[in-house]
Amino acid sequence: MTEEPVEPAGWITVPDLAERLEVPVTRVHQMLRDHHLLAVRRDGVLRIPAELVAGKGVLKHLPGVLTLLFDAGYNDEEAMRWLYTEDDSLPGGTPAVALDGAAATEVKRRAQALGF
């Protein structure tokens, strides 16, 4: 893995995600508090990487990976950095992109190893 993270392909604001998921904005904030979703401030606005959302929900394995990262002591920015640090051994080039495919189990295994 290199040390410099790449930027997500796109960003979604909290209100836009709430509309997409057809839930109240407060539900998206709850998802963030419960670590089922990850957001960081960019230009003063709380934004969610578009790759972490699939259809009308978050990626299936994202909450588990976030739990592992936070249990390992990561904060939101550090978790974002880990998810978007390039890794040529993963399909898609980053753990975040690999979570949406067959390599999700490998991403979870690597996140789990961070706690040891």
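**Notebook: charged side chains in a predicted model**

I started at Glu-22, which is exposed, with a relative accessible area of 62%. I note for the record that the model is predicted.

**Entry 1: Glu-22 and its partner**

I looked up what Glu-22 pairs with. Lys-56 forms a salt bridge with Glu-22. I read 2.9 Å between the closest N and O atoms. I then placed both ends in the chain. Glu-22 sits in the loop between helix 1 (14-21) and helix 2 (25-33). Lys-56 sits in the loop between strand 4 and strand 5 (57-58). The two are 34 residues apart, and I logged the pair as a link between distant parts of the chain. Lys-56 is exposed as well, at 58% relative accessible area. Both values are over the 50% cut-off, so I file both residues as exposed.

**Entry 2: Asp-87 and Arg-110**

How many salt bridges are there in total? I count five. I went next to Asp-87, which forms one with Arg-110. The closest N and O atoms are 2.5 Å apart. This pair also links distant parts of the chain, 23 residues apart. Asp-87 lies in the loop between helix 4 (76-83) and helix 5 (95-98). Arg-110 belongs to helix 6 (residues 104-113).

Is Asp-87 buried or exposed? Its relative accessible area is 7%, so I mark Asp-87 as buried. Arg-110 is partly exposed, at 21%.

**Entry 3: within helix 6**

I stayed in helix 6 and checked Glu-106 and Arg-109. Their side chains meet in a salt bridge, 2.6 Å from N to O. Both residues lie in helix 6, three residues apart, or about one turn of the helix. Glu-106 is partly exposed at 24% relative accessibility. Arg-109 is partly exposed too, with 45%. I then traced shared partners. Salt bridges join Asp-87, Glu-106, Arg-109 and Arg-110 into one network.

**Entry 4: Glu-51, without a salt bridge**

Side chains of opposite charge can pair when their charged atoms come close. Glu-51 is buried yet has no salt bridge. Which side chain of opposite charge is nearest to Glu-51? I found Arg-20, 9.8 Å away. The cut-off for a salt bridge is 4 Å, so Arg-20 does not qualify as a partner.

I looked for what else Glu-51 meets. Its side chain makes a polar contact with the side chain of Tyr-84, at 2.9 Å. I set aside the neighbours within four places in sequence and listed the contacts of Glu-51: Pro-8, Ala-9, Gly-10, Leu-59, Tyr-84 and Val-97. Glu-51 itself is in the loop between strand 3 (45-49) and strand 4 (53-54).

**Entry 5: the whole chain**

I stepped back to the fold. I count six helices and five strands. From the N terminus, the order reads β-α-α-β-β-β-β-α-α-α-α. The radius of gyration is 13 Å, which agrees with the value near 13 Å for a compact globule of 116 residues. The C-alpha atoms fill a box of roughly 35 × 30 × 25 Å along the principal axes.

I checked burial next. Of the 116 residues, 38% count as buried. The chain exposes about 6,300 Å², and carbon and sulfur atoms supply 51% of that. Residues 24 or more positions apart account for 59% of them.

Key. Residues numbered from 1 in each chain as written. Predicted model: local features only at pLDDT ≥ 70, side-chain atom pairs only at ≥ 80, totals over all residues. Heavy atoms only, no water. Helix = DSSP H or I, 4+ residues; strand = E, 2+ residues; numbered from the N terminus. Buried < 20%, exposed > 50% of the residue type's maximum accessible area, 1.4 Å probe, protein only. Lys, Arg positive; Asp, Glu negative; His and termini not counted. Polar contact = N/O pair within 3.5 Å; in protein donor to acceptor, adjacent residues only side chain to side chain. Contact = heavy atoms within 4.5 Å. Rg over C-alpha atoms; globule rule 2.2 N^0.38 Å. Areas by Shrake-Rupley, 256 points an atom, 1.4 Å probe, with all protein chains shown as cover.
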